[in-house]
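Please open the model in your viewer and keep the selection tool at hand. The stops below are meant to be taken in order.

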Amino acid sequence: MKKFTKFSVYGGLICLGVGFLLMFITGFIGGASLARDLSISFGDKGIWRWEVFDHDAFDSMFDGMNKYVLPSYGDQRFSVEEDGIRSLKIAVKGGELEIVRTGNVSDGEILVSVESSRKNWYAIDHDGTLVIGADAYLKKGTYGKIVIDLGIDVDLEKVEVNLGGGEARVGSLEADRVEINLGAGEMEIGSITASELFVEVGAGELTLPEVVVAEKINIDVGVGELDICIAKESRDIDIKCGMGEVTCFLAGGDALQDYNYDVTCGAGEITIGNQNMGGVGMHRTIDNGASRTVSVDCGMGEVNILED
């Protein structure tokens, strides 16, 4: 009996130590904004994987381009037609970013306003992509600001928004393809209309309170959080979650029944409606006879799919 008690106590202490170790590792990596492509294997499945803002790619994003300095505490205007702009790529290493659509710019213009003393750059590549690279950190705890006004009549083929750390408020994005990459910090996007939407969240928090309209949606969350509401037009939704949390609302009527589901769980928790499908090494398919599919691969995090 004493041996059993001693074994139980030692076993409990070992489990407690492992738990604290995992908490430490999670907290450390959550703040390591330079990390990229981390993974832990669980059998033949990766239960923990996420990509965050690629600082090396940021530092080399203008390689081979003629780059120009954006005016500090000033404005820079671009003409979509005259400058041959077809796409927009924004990379803010740190600071505050706003993307708006107002009537304050002329037809077919994009206005970039800078409230920062740092050097921020722009270029237009040979494919007609306007590239804006900003590092608006001023000092610890304070941000500079980049405001991009897309006007009300600018049509783009692709929009890519990258935020390493800080805050971003985005009114609406419309393009054939939209990519969102959030490393750390907070981002809120009003609405997105696209054919394809790709979302990556490292250790930050991304909220999309309005209905997202996109035929194909690909979501990859590491240790961060994502809240998203998806319109009925979406036919292919792919969700990957490492150790973070994804809450996905499906809009319109009996939306949960309008999709088939392919669900894989490493050691986390997945909820679809009122069905809990968490577990260790679990795989399950649900065939509702629908023409749309939601695929979920959850490592040690939490994924909730609900009706709006």
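A residue is called buried when its relative accessible area is under 20%, exposed when it is over 50%, and partly exposed in between, using a 1.4 Å probe and protein chains only. Select S234 to begin: its relative accessibility is 0%, so S234 counts as buried. S234 belongs to the loop between β17 (225–230) and β18, where strands (E, at least two residues) and helices (H or I, at least four) are DSSP runs numbered from the N terminus. If you show contacts, meaning heavy atoms within 4.5 Å, and leave aside neighbours within four places in sequence, S234 touches V212, A214, E215, I217, Y259 and R292.

Before going on, note that this is a predicted model, in which local features need pLDDT of at least 70 and side-chain atom pairs count only at pLDDT 80 or more, while totals for chains, interfaces and linings use all residues. Residues are numbered from 1 along each chain as its sequence is written, and side-chain values use heavy atoms, with hydrogens and water left out.

Next, select strand β18 (residues 236–241), which runs parallel to strand β16 (residues 205–221) and is joined to it by 6 bridges; two strands are said to pair if DSSP finds at least two bridges between them. Within this pairing, I217 stands opposite I237 of β18. Strand β18 also pairs in the parallel sense with strand β24 (residues 292–298), again over 6 bridges, and there K240 has D297 in β24 as its bridge partner.

Now move to the aromatic residues, of which the structure holds 2 pairs; rings of Phe, Tyr and Trp (its six-membered ring) pair if their centres lie within 6.5 Å, and planes under 30 degrees apart count as stacked, over 60 as edge-to-face and the rest as tilted. The ring centres of F78 and Y122 are 5.0 Å apart and the planes meet at 75°, so this pair is edge-to-face. The pair links distant parts of the chain, with F78 in strand β4 (residues 74–79) and Y122 in strand β8 (residues 120–124), 44 residues apart. Both F78 and Y122 are buried, and together with Y68 they form one aromatic cluster.

Finally, colour the chain by pLDDT, the predictor's confidence in each residue from 0 to 100. The protein chain averages 83, and 80% of the residues score at least 70, but pLDDT stays under 50 over residues 18–51. Where pLDDT is low, the predicted coordinates should not be read in detail.
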